[in-house]
Amino acid sequence: QVQLVESGGGLVEPGGSLRLSCAASGSRFSMGTMAWYRQAPGKERELVAASVNRANVYYADSVKGRFTISRDNAKKSVYLQMNSLKPEDTAVYYCNANIRTSMYSPYYNYWGQGTQVTVSS
């Protein structure tokens, strides 16, 4: 049973920083694409950043230059460093990962439980 466990959310003032972490737990497996999504009240869930591997990353235009996604495959973890936070970044942030349990199995998609990020003075 694979689980994604997030941490690092909280309340921060505009211009501040937060670092989100997401660790996968369970039996032996390998990680494919890992990503962060967010969902603000009354809005649809949107892709914030994705890491296909360390060299290939994607950022939504709204966070380019402020957020950085990174991963540690040995620790089965993905991180989101968020700088220069704005009130419009307020949302529940979700970790997402494609995981397979062996090289012969397909990748399955998993979601974390979400962590609240609130940017307010």
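This is a predicted model: local features need pLDDT of at least 70, side-chain atom pairs count only at pLDDT 80 or more; totals for chains, interfaces and linings use all residues.
Residues are numbered from 1 along each chain as its sequence is written, and side-chain values use heavy atoms, with hydrogens and water left out.

**View 1. The protein chain has 11 strands and zero helices.** Strands here are DSSP runs (E, at least two residues) and helices are DSSP runs too (H or I, at least four), numbered from the N terminus. The radius of gyration is 14 Å, close to the 14 Å that the globule rule gives for 121 residues, so the chain is as compact as a globular protein of that length. That radius is taken over C-alpha atoms, and the rule is 2.2 Å times the number of residues to the power 0.38. Along its principal axes, the C-alpha trace spans about 50 × 25 × 25 Å. As for burial, 40% of the 121 residues count as buried (under 20% relative accessible area; exposed is over 50%, partly exposed in between; 1.4 Å probe, protein chains only).

**View 2. Cys22 and Cys95 form a disulfide.** A search of the whole structure turns up one disulfide, meaning a pair of cysteine sulfur atoms within 2.5 Å. Here the sulfur atoms are 2.1 Å apart. Cys22 lies in strand S3 (residues 18–25) and Cys95 in strand S9 (residues 91–100), so the pair ties together parts that are 73 residues apart in sequence. The S-S torsion is about -80 degrees, so this disulfide is left-handed. Cys22 counts as buried at 1% relative accessibility, and Cys95 does too, at 0%.

**View 3. Arg66 sits in the loop between strand S6 (57–59) and strand S7 (67–72).** Leaving aside neighbours within four places in sequence, Arg66 is in contact (heavy atoms within 4.5 Å) with Gln81, Met82, Asn83, Ser84, Leu85, Lys86 and Asp89. Take Ser84 from that list: it is 18 residues from Arg66 along the chain, and their C-alpha atoms are separated by 6.1 Å.
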